[in-house]
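Look at the model below before reading on.

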Amino acid sequence: MLLQLKDINKSIGVTEILGNISFMVQEKEKVALVGVNGAGKTSIFRLLTGEWQPDEGHITMPQGMTLGYLPQAPGSEPLRENTQEASAHDTQPGTEGMTLYDALDAVFAPLKQMEQDMRALESQMAALTDGALETALKKYDRLSIDFKDQGGFEMASRLKGVLKGLGFEESQWVQDFATLSGGERTRAMLGKLLLGQADLLLLDEPTNHLDIESVKWLEEYLKTFPKAVLLISHDRYFMDKVVTKVIEIEHRKSKTYSGNYSFFVQKKATDRALAEKQFAEQQKVIKHHEEVIKTIRSFRTEAAIIRAKSREKMLDKIERIDAPAQDPASMKLRLTPTLNSGHDVLFAEELTMGFHGQPLFSGLSIDIKKGDKTALIGANGTGKTTLLKILVGQLTPQSGHIRPGVNVRIGYYDQNTALDNKKTIFQELADSYPRLTQTAIRSTLAAFMFIGDDVFKPIATLSGGERGRVQLAKIMLTGANFLVLDEPTNHLDIFSKEILEEALRDFTGTLLYISHDRYFINNTANKILDLTPTALATYNGNYDYYTEKKSEQENHPPTPLTKEPQKLDYRQRKEEESRQRKAAARLERIEKTILETEAHITHLEAKLSTDEIGRDAEKANEIFSEKTKLEENLAELYDEWEDLQE
């Protein structure tokens, strides 16, 4: 056991932040802390780093354990490391005059000192004899073994691998550390933690400021990382790939689930359904007993009173089941177009753009049809936001043209769009839509979880997630039939993301958005546009489909045609007809298998919701694994079906 929290309670003033928090982290374990914003996840990190002390309960760590902490907000807190004996202290070295490379290389100072000691011993041994030489040789052997075991021979390669993996170009390695942006410093701090290999890493939103390729690299790195990791993240795809245990903080209490994020979601739903059923059944039994007791007492005989008291004692002995805790207050978003667009929503051809003489992209063409739900992805710096701004008319391309469709009404969400800090939430909407009644404005804001006096909160006091919800509310009121969204899930907690996903899936208009959230893309997109410095590639599917096809292309690049196809002769025509018949037969078999597989998945989902399976975690896990495998097979069947149709 590496870390144990036992019955932790923490209050700020009269407000209880955490109550009855208990969980363990084992060596090398990868664990996620999840919960809505404000649930207390970062508060737990503050307790672990020693910044706060618990009011009640105990935190247990092994003697001499080292801990590394990556805070969420760049520059808000120093990089911390502590042991059981010492409080957290700043371990970020003075970086004045240091390059990015040197700042991370400083992690290896103990190893470099060990290497210097070895070189010094080598020089000394040349002049030593007999016993002194033997003593020096033994010391040298110990140092050599420790140096090798701690990765001394891989220092440079590890450092370069981390810098590249986190998305730093080689030209940035020699950049003055002080000139890095806040996001770049956060990435550098993360790199330093990965290289330092403390016994336990606390990572608060480690995928912030990383593009998709860097997040994928981090996933692979952490899966084989030899130390324990406790992380907070809103990136569900990332958690699915990395963690093997989820600790949920809900209603100031903790509950542990063994498995990745998707298993946690499934198990929590199953547990909640079972708890609600058990509570309802017990309430029915209690009500029945109470009615019987009331009836018996109405007889007013001595025998009746004795029987009533006997039943009351029996009722008192029933161990009452607590009512299941309810989900946080939810917003039910309905994004409804007020006007139907034509089939052709937007066509752009040969778009070229650059800044200050530097090209960003060239020759891009896009064809968006009604009902498309398209995710625009690509590495940082490829021009995704610039492309969106061109498509909505906020920027003019250097060349190329854009043709919008008939009756297209665009609603554009930009996470950096300014809201008036001098206004309240209510005033922001009322001034933007002066014809709306107070009731209409309040109803709209209630859909985005601004209820009661919340509507009079000043814009200046809102969190990032709250500001995003205000902007989405304003877009909803436009009645747009073509939503163009730039990172709509930034600052949203997982619960709010899931609600937005549902709204976008139900949206009957057209959707184009930028996102680094692969789980969100998987749940909302039916088309992927992959922007690179040289091209814009289209994939007709969600993110998993994109990664599969991308892998196929990388492993089996298409062979370019070197000549025009020849006219088929009689034999070739017969072979082609035979191939077509076989394909049609295969298509029919696949359609039958798809129906059978979907039916089996539905059957397993029904089993998971039964009381018997709900009480058997091992069996539930087994059924969930079988269901997951069938869903993977079903996706492959659909891919083959589409290929045969084409």
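Two strands are said to pair if DSSP finds at least two bridges between them. Helices (H or I, at least four residues) and strands (E, at least two) are themselves DSSP runs, numbered from the N terminus. In general, strands of a sheet pair through backbone hydrogen bonds, either parallel or antiparallel. This is a predicted model, in which local features need pLDDT of at least 70 and side-chain atom pairs count only at pLDDT 80 or more, while totals for chains, interfaces and linings use all residues. Residues are numbered from 1 along each chain as its sequence is written, and side-chain values use heavy atoms, with hydrogens and water left out.

Begin with the whole chain. The chain has 21 helices and 20 strands, and its C-alpha trace spans about 110 × 85 × 65 Å along the principal axes. Of its 646 residues, 43% count as buried; buried means under 20% relative accessible area, exposed over 50%, and partly exposed in between, with a 1.4 Å probe and protein chains only. A contact means heavy atoms within 4.5 Å. Among contacts between residues at least 6 apart in sequence, 67% join residues at least 24 apart.

Now turn to the start of the chain. Strand β1 (residues 3-12) is joined to β2 by seven bridges, and the two run antiparallel. Within this pairing, Leu-3 stands opposite Val-25 in β2. Gly-13 lies in the loop between β1 and β2 and is exposed, with a relative accessible area of 70%. The C-alpha atom of Gly-13 is separated by 41 Å from that of Ala-106, 93 residues away along the chain.

These strands belong to an open sheet of three, in the order β2-β1-β4, with antiparallel pairing. Why is one side of β2 and of β4 left without a neighbour in the sheet? β2 (15-25) and β4 (56-60) stand at the edges and each has a single partner strand, so one side of each has no neighbour there. From one strand to the next, the twist averages 20°. Helix α1 (residues 41-49) lies across β1, β2 and β4, running at about 70° to β2. Such angles run from 0 to 180 degrees between N-to-C directions, and the axes are lines fitted to C-alpha atoms, for helices over the stretch in contact.

Strand β3 (residues 30-34) has five of its five residues buried, so it is largely enclosed by the rest of the structure. Lys-30, Ala-32 and Val-34 point one way from β3, and Val-31 and Leu-33 point the other way. β3 runs parallel to strand β9 (residues 228-232), joined to it by four bridges, and Val-31 stands opposite Leu-230 in β9. β3 also pairs in the parallel sense with strand β10 (residues 245-250), over four bridges. There the bridge partner of Ala-32 is Val-246 in β10.
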